[in-house]
Amino acid sequence: MRRLILHYDRVAKILLIDDDQTILDLLSLRLAGAGHVVITALDGIAGAMIATREKPDIIILDYNMPAANGAKVHERLRGNTFTASTPIIFLTADVVTTMIAEVKDDSLTRFLQKPIDFALLAKTIAAFLGRN
C-alpha cells in the first residue's frame, strides 16, 4: 500500500483540537512530516486558550468533544481578536449538514468528514495557505 505524502509549498503552524489521542497522533505525524509546526489540544477549552497564545495559521477542530463542542469553540475563536480570522477546518464523523446548521458559516470555515481523506485535507490546507 502506497502512503500518501502531504507536501506544502508554505509551512504553517497548525493547531489540532480533538479529544481522540489517536487522531491527534495520526494528524500530527502526517502534518509534521510535511514540515508544519503542529500543536495539539485534547479538548475545546484548552484548544481555545492555546489558539489565543500560539496564534496558529490554521485550526483543525473536532466537532463532538466533551467540555465544549466544536460549535462553541468555533464561536469562541471567532469572537477572539487573535483568532477571529484564523481558518478552521472541522473534522467530524457526524453528518456535515447537521453541523453547518449549528455553526455560523463563514468563508474561513470548512467541514470535512472522518475517516480523514488526506488528499482533501491537503487541498483544503493549501487553499487556506493561498495555493490551489
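This is a predicted model: local features need pLDDT of at least 70, side-chain atom pairs count only at pLDDT 80 or more; totals for chains, interfaces and linings use all residues.
Threonine 92 is found in strand E4, where helices (H or I, at least four residues) and strands (E, at least two) are DSSP runs numbered from the N terminus.

Residues are numbered from 1 along each chain as its sequence is written, and side-chain values use heavy atoms, with hydrogens and water left out.

Now step back to the overall layout. The protein chain has 5 helices and 5 strands, and along the sequence they follow the pattern β-α-β-α-β-α-β-α-β-α. Of its 132 residues, 48% count as buried. Contact means heavy atoms within 4.5 Å, and among contacts with a separation of 6 or more, 62% come from residues 24 or more positions apart. The chain exposes about 7,000 Å², with carbon and sulfur atoms supplying 56% of it; accessible areas come from the Shrake-Rupley method with a 1.4 Å probe, and for residues only the protein chains shown count as cover.

How far does the predictor trust this picture? pLDDT is the predictor's confidence in each residue, from 0 to 100. The chain averages a pLDDT of 86, and 85% of the residues score at least 70. Confidence is highest in E1, at 97, and lowest in helix H4 (residues 96-102), at a mean of 67. Over residues 1-8, pLDDT stays under 50, and the model has 18 contacts for them beyond four places in sequence.

With that in mind, we can look inside. In soluble globular proteins, nonpolar side chains tend to be buried together. A nonpolar core is a set of buried Ala, Val, Leu, Ile, Met, Phe, Trp, Tyr and Cys residues joined through side-chain atoms within 4.5 Å. The largest one has 19 residues, and those with the most contacts inside it are Leu15, Ile17, Ile59, Leu61, Val73, Leu77 and Phe90. Two or more residues of this core come from each of strand E1 (13-17), strand E2 (37-41), helix H2 (44-54), strand E3 (58-62), helix H3 (70-78) and E4. Apart from it lies another core, of 18 residues, among them Ile23, Leu24, Ile58 and Leu91. Leucine 61 touches Ile17, Gly70, Val73, His74, Ile88, Ile89, Phe90 and Leu91, leaving aside its neighbours within four places in sequence.

Phe90 leads us on to the aromatic residues. Rings of Phe, Tyr and Trp (its six-membered ring) pair if their centres lie within 6.5 Å; planes under 30 degrees apart count as stacked, over 60 as edge-to-face and the rest as tilted. The whole structure contains 2 aromatic pairs. In one of them, phenylalanine 90 and phenylalanine 111 have ring centres 5.3 Å apart and planes at 0°, so the pair is stacked. This pair links distant parts of the chain, with phenylalanine 90 in strand E4 (residues 88-92) and phenylalanine 111 in strand E5 (residues 109-113), 21 residues apart. Both phenylalanines are buried, and together with Tyr63 they form one aromatic cluster. Tyrosine 63 is found in the loop between E3 and H3 and is buried too, with a relative accessible area of 5%.

Rings also meet charges here. A charge sits over a ring if NZ of Lys or CZ of Arg is within 6 Å of the ring centre and within 35 degrees of the ring normal. The charged end of arginine 30 sits over the ring of phenylalanine 118, 4.1 Å from its centre, and that of lysine 55 over the ring of phenylalanine 82, 4.6 Å from its centre. Lysine 55 lies in the loop between H2 and E3 and, at 42% relative accessibility, counts as partly exposed. Its phi is near 50°, a positive value in a residue other than glycine.

A cis peptide bond, with omega about 5°, joins lysine 114 and proline 115, and proline 115 has its place in the loop between E5 and H5. In helix H5 (residues 118-128) you will find threonine 124, which counts as buried at 10% relative accessibility. Not counting residues up to four places away in sequence, threonine 124 touches Ile89, Arg110 and Leu112.

Note on methods:
Buried means under 20% relative accessible area, exposed over 50%, partly exposed in between (1.4 Å probe, protein chains only).
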